[in-house]
Amino acid sequence: MAALPHSILFLCGMNAVRSPIAEHLARRMLPATSFVASAGVHAGERDPFVDAVLAEEGLSLGERQPKALEELEDDYFDLIVTLAPEAHHAALELTRSLAVEVEYWPMPDPTDTGGTREHIMAAYRDVRERLKARISRRFAAPKAESAPD
């Protein structure tokens with residue numbers, strides 16, 4: 001198994017839904033020695049459904065607001081995980097001349113969901129659970145990786 005990256009950036013379109021959920025889940029699931037951040041290709045608006053699905057996990061964005069890639073203080077990461085096509089293209093362009101690993105984890109955009117509040121919440125929970133499973137699989141401890149699927 002590859003060593004756990006020291007710094008991970010989760011990148012999506014507007015840093016309002018998928019990447020902040022991934023960032024907060026990863027911060028809880030990974031060792032404190034791993035630096036985890038998130039950004040968007042553009043900065044969007046904070047989404048109250050993200051606050052709701054994170055609160056169900058005992059997590060909070062606190063005062064954090066969405067930020068764009070160019071607003072990051074540190075722009076070197078060992079791994080950039082992209083969660084949307086626009087973000088993946090931006091990451092590949094950004095890292096053309098850098099030795100940075102880029103992984104594409106396509107995630108549905110729950111903001112496209114209509115219907116009742118419960119339908120919308122179900123879409124956001126689905127994204128949260130997909131991210132939780134993917135983070136767990138990707139950054140599993142070596143002994144967990146050798147267990148049969």
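Tyr124 is buried in this predicted model, with a relative accessible area of 2%. The structure holds 4 aromatic pairs, and Tyr124 takes part in one of them, with Phe49. Phe49 belongs to helix H2 and Tyr124 to helix H4, so their pair ties together parts that are 75 residues apart in sequence.

Another of the pairs joins Trp105 and Phe139, and both of these residues are buried. Trp105 sits in the loop between strand S4 (101–104) and H4, while Phe139 sits in the loop between H4 and helix H5 (142–145), so this pair ties together parts that are 34 residues apart in sequence. Ring pairs also link Phe10 with Trp105 and Phe139 in a cluster. The geometry of the two pairs is as follows.

| Ring pair | Distance between centres | Angle between planes | Class |
|---|---|---|---|
| Phe49 and Tyr124 | 5.2 Å | 35 degrees | tilted |
| Trp105 and Phe139 | 6.3 Å | 45 degrees | tilted |

The largest nonpolar core has 29 residues, of which Phe10, Ile21, Leu83, Trp105 and Leu131 touch the most other members. Two or more residues come from each of strand S1 (7–12), helix H1 (18–29), helix H2 (48–55), strand S3 (79–82) and helix H4 (117–138). H4 gives the largest share, 6 residues. A second, separate core has 12 residues, including Leu9, Ala39, Ile80 and Ala91.

Beyond four places in sequence, Leu131 touches Arg18, Ile21, Ala22, Leu25, Leu83, Trp105 and Met107. Arg128 is found in helix H4 and counts as buried at 6% relative accessibility. Apart from neighbours within four places in sequence, Arg128 is in contact with Ile21, Leu25, Val53, Glu56 and Glu57.

Note on methods
Residues numbered from 1 in each chain as written. Predicted model: local features only at pLDDT ≥ 70, side-chain atom pairs only at ≥ 80, totals over all residues. Heavy atoms only, no water. Core = buried A, V, L, I, M, F, W, Y, C linked by side-chain atoms within 4.5 Å. Buried < 20%, exposed > 50% of the residue type's maximum accessible area, 1.4 Å probe, protein only. Helix = DSSP H or I, 4+ residues; strand = E, 2+ residues; numbered from the N terminus. Contact = heavy atoms within 4.5 Å. Phe/Tyr/Trp six-rings, centres within 6.5 Å; stacked < 30°, edge-to-face > 60°.
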